[in-house]
Amino acid sequence: MIEYVFRTHFRLAVHAALLFTVGLLLSWPVIHYRLEALARLPLALFRFAIRLIGTSPSIARTAGVIFCFNSVAIFVYMASGFHPVLPKIFGVWTGMNIGTIVGMARREEDFLQAGRPSPGQWLPPSPLTAICGVLVLVLELACFWFSIAMGMGMGHAVQAGAERYFDALAVRTRAYALVVLPVLALSAIAEAIAIRGCAGQAPQAET
């Protein structure tokens, strides 16, 4: 299954990475011109996730929320591949949403306070925070790109009549469960640690 995910779908994953990059570039006008219609949904989802994480959350709770969000969303993106164009749209849309969240939500107090530890909670050292941040970029993006690639490949096969949709989805669901989900779990733990480290080092918001 590892070979199936990473070798079979490598070229399509590169395609997915390019689409994601296009989405990141498209986030610039959304941020610069404050296009609220396009920013409303990603910011609403971000605020909902922050509420689920709560104040002074444990590493486990932060990682659990991140894992649930990522695993469900990325699976839906992959499963949309009854036509190859839909995963491609999700690739661009996700890049734009992430760029928008990073560019706009970081100005909000909720973002600045997200994951801030309470006194006595473990604070990861700066080197570990940096390592975890890099791990998140590598692992989470790889999971996203290869899942989008599996969706695109499925869409091409279904539209060509080479595979029936539910048969193709069953194979990819197994690959997703055995390969992608464990990597997403590791990424979620790393992200929770990185958030704790960054939040603990950030200045307290003024009251």
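This is a predicted model: local features need pLDDT of at least 70, side-chain atom pairs count only at pLDDT 80 or more; totals for chains, interfaces and linings use all residues.
Residues are numbered from 1 along each chain, and side-chain values use heavy atoms, without hydrogens and water.

**View 1. Helices α2 and α5 cross.** The axes (lines fitted to C-alpha atoms over the stretch in contact, with angles from 0 to 180 degrees between N-to-C directions) of α2 (residues 10–32) and α5 (residues 85–104) come within 6 Å and cross at roughly 40°. Helices are DSSP runs of H or I with at least four residues, numbered from the N terminus.

**View 2. Phe6 and Phe146 form an aromatic pair.** Rings of Phe, Tyr and Trp (its six-membered ring) pair if their centres lie within 6.5 Å; planes under 30 degrees apart are stacked, over 60 edge-to-face, and the rest tilted. This pair is edge-to-face, at 4.9 Å centre to centre and 75° between the planes. Phe6 lies in α1 and Phe146 in α7, so the pair ties together parts 140 residues apart in sequence. Phe6 is partly exposed at 34% relative accessibility, and Phe146 is buried at 11% (buried is under 20%, exposed over 50%, partly exposed in between; 1.4 Å probe, protein chains only).

**View 3. Phe48 and Phe69 form a tilted pair.** Their ring centres are 6.1 Å apart, with planes at 55°. Phe48 belongs to α3 and Phe69 to α4.

How values were computed
Helices (H or I, at least four residues) and strands (E, at least two) are DSSP runs, numbered from the N terminus.
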